[in-house]
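Look over the sequence and the fold, then read the points by topic.

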Amino acid sequence: MPGPGVYRPDPSEGITRPADLPQPQIISSGRDAKRHPCPRCGHQAYRDKRQQRTLHDLGDLDAWCPRDLVVTYAQHYCTKCRKYFSIDLSDWPHPAAITPTG
């Protein structure tokens, strides 16, 4: 039976000041449609605003640095219902969104 994996020392060991920690890797994703159907009535609603949310990930074990997953999403206004709604983000972050780009 093979033994455990190779021990990889933690490069942040001994760091006592948060400012000395590595800067996070920023990964962007977007759900910013100009038009989206209203979940109440199905009317095609236009984008009213753009918002951003950030999910802080503990880190990339290969690079030993934290990651910030930033998603830009649209807030829409339905003129028929006179209600605001946002695009559904319940399935976010999708594994493809976590893959760094560029």
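The points below cover the overall fold, the strand pairings, the cysteines, and the side-chain contacts.

This is a predicted model. The protein chain has 102 residues, and 21% of them count as buried. Its secondary structure comes to 1 helix and 5 strands.

**Fold and confidence**

- From the N terminus, the elements of the protein chain run β-β-β-β-β-α.
- The mean pLDDT of the protein chain is 78. Of its residues, 81% reach 70 or more.
- Confidence is highest in β5, at a mean of 89. It is lowest in helix α1, residues 95-98, at a mean of 53.

**Strand β4 and its partners**

- β4 pairs with strand β1, residues 25-31, in the parallel sense. The pairing runs over 7 bridges.
- Arginine 31 has its bridge partner in β4: tyrosine 73.
- β4 also pairs with strand β5, residues 83-86, and here the strands run antiparallel. This pairing has 4 bridges.
- Tyrosine 77 stands opposite tyrosine 84 of β5.
- β4 and β5 form a hairpin, with 4 residues between them. In the turn, arginine 82 has a positive phi of about 60 degrees.
- As a general point, side chains in a regular strand alternate between the two faces of the sheet.

**Cysteines**

- How many disulfides does the model hold? The count comes to 0.
- A disulfide is a covalent bond between the sulfur atoms of two cysteines.
- The cut-off is 2.5 Å between sulfur atoms.
- Cysteine 81 is in no disulfide either. Its nearest cysteine sulfur also belongs to cysteine 41, at 3.5 Å.
- Is cysteine 78 buried or exposed? Its relative accessibility is 0%, so cysteine 78 counts as buried.
- Cysteine 81 is partly exposed, with a relative accessible area of 25%.

- Tyrosine 77 has 28% relative accessibility, so it counts as partly exposed.
- Tyrosine 84 is partly exposed, with a relative accessible area of 44%.
- Which charged end sits over the ring of tyrosine 84? That of lysine 49, 5.5 Å from the ring centre.

**Salt bridge**

- A search of the whole structure finds 1 salt bridge.
- The side chains of aspartate 20 and arginine 17 meet in a salt bridge, at 3.5 Å from N to O.
- Aspartate 20 is partly exposed, with a relative accessible area of 45%.

Key. Residues are numbered from 1 along each chain as its sequence is written. This is a predicted model: local features need pLDDT of at least 70, side-chain atom pairs count only at pLDDT 80 or more; totals for chains, interfaces and linings use all residues. Side-chain values use heavy atoms; hydrogens and water are left out. Two strands pair if DSSP finds at least two bridges between them. Helices (H or I, at least four residues) and strands (E, at least two) are DSSP runs, numbered from the N terminus. Buried means under 20% relative accessible area, exposed over 50%, partly exposed in between (1.4 Å probe, protein chains only). A charge sits over a ring if NZ of Lys or CZ of Arg is within 6 Å of the ring centre and within 35 degrees of the ring normal. pLDDT is the predictor's confidence in each residue, from 0 to 100. A salt bridge is a side-chain nitrogen of Lys or Arg within 4 Å of a carboxyl oxygen of Asp or Glu.
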